Amino acid sequence: MSAAQHTAAAERLRRAVIDGQAGDLDALLTPDAVFMALGKTVEGAGNVRNELLSDTMRKAWAPLRWQSALAIGEAVRLIGERNAESGERGVIVTVTFAGDGIHKIQQQRVPPPPPAARPMVLPPALREAINGNLLEKHPMLLSYVGADGQPVLSFRGSTQVLGDDRLAMWVRNADGAFIRAIRHNPRVALMYRNEDKRSTYQLQGRARVSDAPAERQRVFDASAPAERAHDFAMLGAAVIVDLDRVEGWAGVGPNGQIDPICLQRGI
């Protein structure tokens, strides 16, 4: 097949999916056709046809604004741009050929637009994740800037939610590099990742040491038992992080990110 025939076949494939034309798909697909998407592989012409004609697929493709098929070497790329009115994410479909038929169809979703920024109020699911980060073996990763200007990473399992817009942590070494660093440059970033749920959050803010006895006691008491066991005498420091920005999502499903958020102080 020539490049022109490849692009024509890809366009016919797109129309067949949207219009629900099983016969056209049967004529286009090779017997050993394969469909691939994130977390899914479908093999065999009949199974691929059924996948392409599923309600999920047709509803995803139909509202998109499709560009003309583009030949990329021996393959053809179909690009369906997001329709803001429908809320559907765009897709990129790569079609490859074997002989006179379509052998492989690979679909990937276009990243969604960022969610609209909302006031800085941590949602319940994120609060629970942060408070249980050490016990659930997903310790928070902290980044701060050292005295030499070099970013430094460290795990902080004592990280906890102190309010709608604040975090806290108990730092056992009150004279350590982290405490010295935030006295000169309070800007920090934290990362939470749960690979099982595929949730990811990045948090940015300003860290400070609290010397208030009641606040110190509150942060120490809320730390995980393993953290408290390292500092029975409470010689450490209570660090408060005033959050300025939080971005992330609660998980990833077949249609992409689940419950994405963007929180920002001052709006």
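Predicted model: local features only at pLDDT ≥ 70, side-chain atom pairs only at ≥ 80, totals over all residues.
I started at Ser-223, which sits in the loop between helix H7 (213-222) and helix H8 (225-228). Helices here are DSSP runs of H or I with at least four residues, strands are runs of E with at least two, and both are numbered from the N terminus. Residues are numbered from 1 along each chain as its sequence is written, and side-chain values use heavy atoms, with hydrogens and water left out.

Is Ser-223 buried or exposed? It counts as buried, because its relative accessibility is 3%. The cut-offs are under 20% relative accessible area for buried, over 50% for exposed and partly exposed in between (1.4 Å probe, protein chains only). Then I looked up its contacts (heavy atoms within 4.5 Å). Leaving aside neighbours within four places in sequence, I found Ser-158, Gln-160, Trp-170 and Arg-228.

**Strand E9**

Next I went to E9, residues 140-145. Its covered face carries Met-140, Leu-142 and Tyr-144, and its uncovered face has Leu-141, Ser-143 and Val-145.

I checked Leu-141 on both sides: its bridge partner is Phe-155 in E10 and Met-191 in E13. E9 and E10 make a hairpin with five residues between them. In that turn, Gly-149 has a positive phi of about 85°.

Most residues other than glycine have a negative phi, so I noted the ones below.

- Lys-137 has phi near 65° and lies in the loop between helix H5 (124-131) and E9. It counts as exposed because its relative accessible area is 72%.
- Met-234 has phi near 55° and lies in the loop between H8 and strand E15 (237-249). It counts as buried, since its relative accessibility is 19%.

**Confidence**

Last, I looked at pLDDT, the predictor's confidence in each residue from 0 to 100. The chain averages 94, and 97% of the residues score at least 70. Confidence is lowest in strand E17 (residues 256-258), at a mean of 82, and highest in strand E12 (residues 166-171), at 98.

How values were computed
Pairing = 2+ DSSP bridges.
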